[in-house]
Amino acid sequence: MLIRAMGVVENPTLNAPVGLLLHPDDNVVVLTKAVSAGQEVMSGVRAIERVAFGHKLALCRFEPGDAVIKYGQVIGEALEAIEPGAHVHDHNIAVTSKRVGYATLEPVSAESAAIEPRFFDGYRRASGKAGTRNYIGVLTTVNCAATVAHMIADRIAQSDEFRAIDGVDGVVPITHGGGCGMAASGEGFDVLSRTLWGTALNPNFAGVMVVGLGCEIMQIARLSKLSGQTPEHFHAYTIQQEGGTRKAVERGIAQLLEIAREAGKAKRETIPASELVLGLQCGGSDAWSGLTANPSLGAAADRIAAHGGTVLLSETPEIYGAEHLLMSRARSADVAEKLQARLAWWEDYTRRNGAEMNNNPSPGNKLGGLSTILEKSLGAVAKGGTSSLNDVIEYGEPVGERGLVFMDSPGYDPCSVTGQVASGANMVAFTTGRGSAFGSRPTPCLKLASNSNLYERMQEDMDVDCGPVLTGERTVDEMGQAIFDEILASASGRATKSEALGYGGQEFVPWQIGAVM
């Protein structure tokens, strides 16, 4: 995992009494408890002010411009003189171009590992892909059809005929805010069309009905031609063709009942773990995310790669400053260049929109102890484990390689997960330190808490407590095995906490690029 690769102790213990030194080269410590002025943090170092749990304290004096080092990597530079024992955070450090030299990492070989085969109970689709759920979907080409799609989904859910059909997990309305008022070609059109049809083809859907308005830019006939699918395959129609809202809803209900009867015939069967496509996400991160939940998820990702499965690392702005750790294990120079090209695109994209990459850490991230995008990225990359980076794909592009694949996306979690589902993810694992409330459909999402306080406070939302890594009760590798087991259980049909709460009906958020006209 990244933490091991960076030379960080896998299960750091308290150095005395509340300061956690993550790497021998670090010049800051992370606090495992809030401290008051005068309280000893480590031998010879006392806090000179009150500092919160998860935040950083200076171990030495910093002069303006000095590098601040955590994980053995530079996370920023001092903006002013900082005394030993002072709070080190966004008020006195900023992003820097400085980097610590790094050795080329040796990727874990998924092919050479001798492992016992693992399986899950899933749905084998006609395409050959494997689903973990058996949903049917109502996909809209344009926002103008969103109300009709929700009417259809709501009405059919209350239908006695639908309720009598066994084996269908539910109806998912796939609605969004675009589809018109946009250019009929170019980057924005390509991204949205890829996302819509990629979602419709996700193996967690047994069938999909497409509803359009009729006069929108995102025409059904054109999309089906671009995707290689026929409208009939998706039971497509428009509101205008049907003669209005009421008739469109009635047709939709009748067609969805037909789709549901066919979908109900599908049965779970034993499928190898090589058919897993896991989306990796983090949101509401804190200082512990990069120490517990993210590297533990990385250990689970390594297991999936070793079994021949696929893991999708995304959120491009949240690898900024840590991209060298991925490039150093790229399968080829071409893969590394593709990743560099996406980062260059993002630098230009943010510049054109009057932003900068360091705008990414949210207020919640900062309250949790993260100061800069460099610090956040170093922890976020840990989700990708240590296997070789085999490909870099664009947002919503169909995944073609196995092992670790990077999918370009914003750091906004619902938008990033939407792209992963469109690329083929049949499972999602989501780490959080602050307590993100999220779930997705048709692809189930496991929530991993970075600390036990969060897990105990939000047990109804969190599936796994990664806090025992911090206390030493479990190693990162042991926690990774536990997460892998949870992924297989959920893929076999066990409901996640977010599914039990009903999440996933509003979280379809395609990435909108380009002018709205």
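Strand 13 (residues 170–174) is largely enclosed by the rest of the structure, because five of its five residues are buried. Buried here means under 20% relative accessible area, with exposed over 50% and partly exposed in between (1.4 Å probe, protein chains only). Strands are DSSP runs of E with at least two residues, helices are runs of H or I with at least four, and both are numbered from the N terminus. This is a predicted model, where local features need pLDDT of at least 70, side-chain atom pairs count only at pLDDT 80 or more, and totals for chains, interfaces and linings use all residues. Residues are numbered from 1 along each chain as its sequence is written, and side-chain values use heavy atoms, leaving out hydrogens and water.

Back to strand 13: Gly170, Val172 and Ile174 are buried on one side, and Val171 and Pro173 are buried on the other. In a regular strand the side chains alternate between the two faces of the sheet. Strand 13 pairs with strand 12 (residues 135–140) in the parallel sense over five bridges; pairing takes at least two DSSP bridges between two strands. Valine 172 in strand 13 has glycine 137 standing opposite.

Elsewhere there's an open antiparallel sheet of three strands, in the order 6-7-9.

| Strand | Residues |
|---|---|
| Strand 6, an edge strand | 67–70 |
| Strand 7 | 73–78 |
| Strand 9, an edge strand | 93–94 |

Two antiparallel bridges join strand 7 and strand 9, and glutamate 77 has alanine 94 of strand 9 as its bridge partner. Helix 12 packs on this sheet, touching strand 6 and strand 7, and its direction makes about 170° with that of strand 7. That angle runs from 0 to 180 degrees between N-to-C directions, with axes fitted to C-alpha atoms, for helices over the stretch in contact.

Helix 12 (residues 373–380) also holds glycine 379, which is buried at a relative accessible area of 4%. Leaving aside residues up to four places away in sequence, glycine 379 touches Tyr71, Gly290 and Asn294, where contact means heavy atoms within 4.5 Å.

Now the rings. The whole structure has nine aromatic pairs. One of them, tryptophan 346 with tryptophan 511, is stacked at 5.4 Å centre to centre and 10° between the planes. Rings of Phe, Tyr and Trp (its six-membered ring) pair if their centres lie within 6.5 Å; planes under 30 degrees apart are stacked, over 60 edge-to-face and the rest tilted. Both tryptophan 346 and tryptophan 511 are buried.
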